[in-house]
Amino acid sequence: MSKIKIDLTNYLGIEKNVDFRGLQDKVFSIISNLYASKSNLPAMTGWLSLPHDSGMFQQINDFVSKIKSSDQYQHLLVLGIGGSSLGAQALIESLKTNLWNRLSATKRKGYLTVDFIDNLDPVIIRTVLSRLKLDKTLFVVISKAGGTVETIVPMLIAKEWVGENFYKQCIFITSVETHHGASTLFDLGKKHQVPIFPIPENVGGRYSVFSSVGLLPAALCGVDLNEVKAGLLEADSLCQIQDIRTNIAASLALCAYFSYLANRNIFVLMPYSTCMRRFVDWFIQLWAESIGKNQKGSTPICAIGATDQHSQLQLFNEGPNDKLICFVKINKHKRDLTVPDYSDDNLNFRAYAGHKVGQILNIELDATRRALAESKKPNITITLPELNEFYISELMYILEVATAIKGNLLGVNPFDQPGVELAKRYTKEALTNK
Ligand code: PA5
């Protein structure tokens with residue numbers, strides 16, 4: 001079977017003062033400590049146990065089969081923000097494209113269309129609610145803390161629009177208990193007999209994609225959880241291998257760390273795939289919220305190839321040398337198209353004739369890597385054999401582990417978010433004292 005690969009040629013040849021060997025023992029001890037703390041609640045590393053939670057995978061699969069066979073719903077509306085939304089968005093868009101809702105029910109094989117409300121933008125809330133058949137909509141409300149304003153307010157509006165049956169059409173995903181006491185959503189669910197999927201206490205929002213938070217919405221849209229689980233188990237073994245050359249999470253964290261020491265404070269994630277735009281949004285949250293602390297961190301940036309070759313690439317190539325660029329290459333694109341030969345119309349078209357579209361995209365990627373290397377801009381490339389459930393899940397888990405390692409290397413806690421909590425508290429205070 002093909003494997004995910006990382007290519008460091010354009011990194012090791014360019015970045016100076018890189019000493020992987022000098023840090024490898026430290027990195028492996030960080031990894032061992034992360035895994036050793038899986039069952040220790042305050043360590044917040046419960047996400048490392050999720051690949052092995054067969055009961056959870058089974059429960060979600062059973063639930064989705066029940067929803068499908070009931071034929072009651074056509075649409076799924078997910079209400080949640082940050083870690084309670086982005087993971088599901090990343091999985092669904094990467095695997096089903098952002099055109100999923102435009103497919104017929106037959107093409108969707110009976111799985112649900114999906115919309116996400118992850119902001120208090122009244123225009124979006126009104127537009128989404130008004131174009132759904134509300135009596136055919138399943139509402140999945142997700143909040144670990146259980147009272148997040150950006151989630152609760154759209155839920156209250158949706159209740160007003162749907163009417164008395166609203167809670168019968170809801171699923172809640174929340175924690176049973178929060179550090180402030182019981183979750184509001186949990187209490188509400190109990191009161192109205194809403195099915196509740198619990199979020200484990202030691203799984204933080206941005207590390208929760210492989211709990212019900214990400215998996216339930218994804219499975220309702222036809223993402224194959226057995227393949228997700230297989231990819232996660234592969235990643236789980238890979239991340240514990242004590243060899244920097246094969247442990248992609250370790251080598252990625254080290255590259256990011258040495259670039260940070262060299263004052264490259266920007267980390268660009270640039271997949272050559274439009275389907276991975278939300279995936280990068282998920283990563284941006286993971287990286288920024290985990291590592292940006294104590295005046296440390298590197299700013300994550302989204303770029304999409306080849307689109308951003310006609311935009312940000314100018315800055316990457318000739319602007320300040322303050323970035324580490326990480327490309328994601330899809331080796332074999334699904335449902336690829338062959339360019340027809342219309343060289344009779346214009347001889348210039350001959351260069352494209354017979355090529356697969358995905359091949360041209362990858363030729364562009366290789367050309368960009370080369371151009372950046374010639375400008376002495378360090379870059380690394382992660383290659384996925386295909387964009388499918390197995391590899392996308394494997395990559396997401398590897399990025400989670402890499403983020404945790406990088407945070408530890410910088411001496412910050414990658415699992416808290418005091419800066420976010422503070423703004424949440426001030427908002428609550430302002431609303432309560434109206
Ligand atoms: O990573 C995090 O902890 C945050 O981004 C949360 O996911 C986000 O603030 C939403 O919180 P909650 O799920 O409690 O509503």
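**Glu318 and the parts around it**

Reply: With 10 C-beta neighbours inside 10 Å, Glu318 counts as exposed, since the cut-off for that class is 12 or fewer. The model is a predicted one. Glu318 belongs to helix α12, which covers residues 313–318. Between the C-alpha atoms of Glu318 and Ile382 the distance is 23 Å, and 64 residues separate the two in sequence.

Strand β12 covers residues 379–386 and pairs with strand β11, residues 323–332. The two run in the parallel sense and share seven bridges. One point of this pairing is Ile325, which stands opposite Asn379 in β12. Both strands are part of an open sheet of five, ordered β1-β12-β11-β9-β10, with mixed pairing. The edges are held by β1 (5–7) and β10 (299–302); each has a single partner strand, so one side of each has no neighbour in the sheet. On average, and with direction ignored, neighbouring strands of the sheet are turned by 20° against each other. Helix α11, residues 277–291, packs on this sheet and touches β9 (266–271) and β10. The direction of α11 makes about 175° with that of β10.

The domain assignment divides the chain into domain 1 (5–37 + 228–417) and domain 2 (41–226). Their centres, taken over C-alpha atoms, are separated by 28 Å. Where they meet, 26 residues of domain 1 are in contact with 28 residues of domain 2. On the side of domain 1 that touches domain 2, two or more residues come from each of α2 (20–36), α9 (225–238), α11 and α14. The most come from α11, which gives nine residues to that side. By type, the residues of that side are 15 nonpolar, three polar and eight charged.

At least three residues of the core come from each of domain 1 and domain 2. In soluble globular proteins, nonpolar side chains tend to be buried together. Apart from neighbours within four places in sequence, Ile398 is in contact with Ala235, Leu238, Cys239, Ile248 and Ala249.

Strand β2, residues 75–79, has four of its five residues buried, so it is largely enclosed by the rest of the structure. This strand pairs with β3, residues 113–117, in the parallel sense over five bridges. Within that pairing, Phe116 in β3 is the bridge partner of Val78.

The loop between α4 (86–96) and β3 contains Arg108. Arg108 has 18 other C-beta atoms within 10 Å and is partly exposed. Arg108 and Lys96 are twelve residues apart along the chain, with 9.4 Å between their C-alpha atoms. Leaving aside neighbours within four places in sequence, the contacts of Arg108 are Leu103 and Gly222.

Technical notes. Residues numbered from 1 in each chain as written. Predicted model: local features only at pLDDT ≥ 70, side-chain atom pairs only at ≥ 80, totals over all residues. Pairing = 2+ DSSP bridges. Axes fitted to C-alpha atoms, helices over the stretch in contact; angles between N-to-C directions. Contact = placed C-beta atoms within 7 Å. Domains from an automatic or database assignment. Buried ≥ 20, exposed ≤ 12 C-beta atoms within 10 Å, placed from the backbone. Nonpolar A, V, L, I, M, F, W, Y, C, P; charged D, E, K, R; others polar.
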